[in-house]
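Subject: Structure handover

Hello,

Here is the structure you asked to take over. Please open it first, then read my notes below.

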Amino acid sequence: MQDDKLRAFQERLKILRRKYPDYGYFFDFYGTVILTRINFSQRPEIESVAIEEEMVKLKLNDGFPLIETEAFQIDTKHAQALFFALCRELIKERNEVKPKIEVIESYFQSHPEKLKEIFADFLKEEKLKDIENIDLDINLLQFLVFHSLKPSLKESAQAVKSKLENSNWTKGYCPVCGHHPYMAALRENGKKYVKCSFCGHEWSIERILCPFCDNKDHEQLRYIKADGEEGYRVYLCDKCKRYLKTVDERTIENVVDLDMEDVATLHLDIIAEKEGYRKG
Ligand SMILES: [Zn+2]
Ligand SMILES: [Zn+2]
């Protein structure tokens, strides 16, 4: 890709840091996470997820996603290696979180089996529990675990993608895993695509639709944008009070992927939250 687009991403973060100095920490922290993940060269190895054709039809017709969260496969070795790579990079780059991450890193270096258990709990969507006798930041741990698992989740979703080719899925939740999107893009064909917050699958939905509550009422859906930023919009739903950031790929050059765009639009999250809306 990637070099031009990576450079464009870093360039944009620099500009945003200057424009929104108060949020510099967020751009730096999430920027480090995304770049570490993208630069991590290994790919996870996932066995194919078996679902019979008949089951695929039934599920999709009835509006059920193809895979339950717990049935996602993960490449544990890959996720572990990425987990420690994220720890290392964040310790190197970010003084603010360094002591917290050092505690996490050293605990799991000496308890690798515990990390495997935590990966499994994450798939069961169980909130991570405190670990006995260790004072570590559970939210930060949960965040690192999710980002370590993301490539495996994405690979599992890819493995079933072909089964969705002839489906007309336009619901607000993901046809692969059932989770809601976290970002949207308007593409050349004029369609709106959304990206799943859990497995990274992308699918298209109606342009006037809140994916979180199915609201299609024009009067309750509007958008805001930041000054001077054509191409980036935040769609707000007045029915459920949630928002979805949207990148117009016809206007914005060098959109590399929506994970990066999510970080490059963190200021829009802050604006939307100040207006009383929350992320979907
Ligand atoms: Zn999904
Ligand atoms: Zn809504």
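Start with V160. Leaving aside neighbours within four places in sequence, V160 is in contact with V49, I51, L66, I67 and V176. Please keep in mind that this is a predicted model. V160 sits in helix α7, residues 138-161. Is V160 buried or exposed? V160 is buried, because 21 other C-beta atoms lie within 10 Å and the cut-off for buried is 20 or more. Now look along the chain from V160 to L136. These two are 24 residues apart in sequence, and their C-alpha atoms are separated by 37 Å.

Next, V33. You will find V33 in helix α2, residues 24-39. V33 also counts as buried, with 21 C-beta neighbours inside 10 Å. Not counting residues up to four places away in sequence, V33 touches L86 and H147. K124 is 91 residues from V33 along the chain, and 24 Å separates the C-alpha atoms of the two.

Now a helix pair. Helix α4 covers residues 76-93 and helix α6 covers residues 112-123. They pack at an angle of about 110°, and their axes are 11 Å apart. That angle makes α4 roughly perpendicular to α6, because 65 to 115 degrees counts as roughly perpendicular. Which residues meet there? From α4 come T76, A79, Q80 and F83. From α6 come P112, L115, K116 and F119. By class, this contact of α4 with α6 has five nonpolar, two polar and one charged residues.

On to the strands. Take β1, residues 181-186, as your reference. Strand β2, residues 192-196, runs antiparallel to β1, and five bridges join the two. β1 and β2 form a hairpin with five residues between them. In that turn, G190 has a positive phi of about 80°. Strand β6, residues 242-248, runs parallel to β1, and the pair is joined by four bridges. In β6, L186 stands opposite D248.

Two loop residues deserve a look for their backbone angles. D214 lies in the loop between β3 (202-205) and β4 (221-224). Its phi is near 65°, a positive value in a residue other than glycine. K241 is placed in the loop between β5 (232-237) and β6. K241 is not a glycine, yet it has a positive phi of about 65°. How exposed are they? D214 is partly exposed, with 13 other C-beta atoms within 10 Å. K241 is partly exposed, with 13 other C-beta atoms within 10 Å.

Last, the overall layout. The chain is divided into domain 1 (40-163) and domain 2 (181-279). Their C-alpha centres lie 25 Å apart. How many residues does the contact take from each domain? Five residues come from domain 1 and four residues from domain 2. On the side of domain 1 that touches domain 2, two residues are nonpolar, one is polar and two are charged.

That is the tour. Over to you.

Best wishes

Notes. Residues are numbered from 1 along each chain as its sequence is written. Chains are lettered from A and ligands numbered from 1 in the order in which they are written. This is a predicted model: local features need pLDDT of at least 70, side-chain atom pairs count only at pLDDT 80 or more; totals for chains, interfaces and linings use all residues. Axes are lines fitted to C-alpha atoms, for helices over the stretch in contact, and angles run from 0 to 180 degrees between N-to-C directions. Angles under 35 degrees count as roughly parallel, over 145 as roughly antiparallel, 65 to 115 as roughly perpendicular and the rest as oblique. Two residues are in contact if their C-beta atoms, placed from the backbone, lie within 7 Å. Ala, Val, Leu, Ile, Met, Phe, Trp, Tyr, Cys and Pro count as nonpolar, Asp, Glu, Lys and Arg as charged, and the others, Gly among them, as polar. Two strands pair if DSSP finds at least two bridges between them. A residue is buried if 20 or more other C-beta atoms lie within 10 Å of its own, exposed if 12 or fewer, and partly exposed in between; C-beta atoms are placed from the backbone. Domain bounds come from an automatic or database domain assignment.
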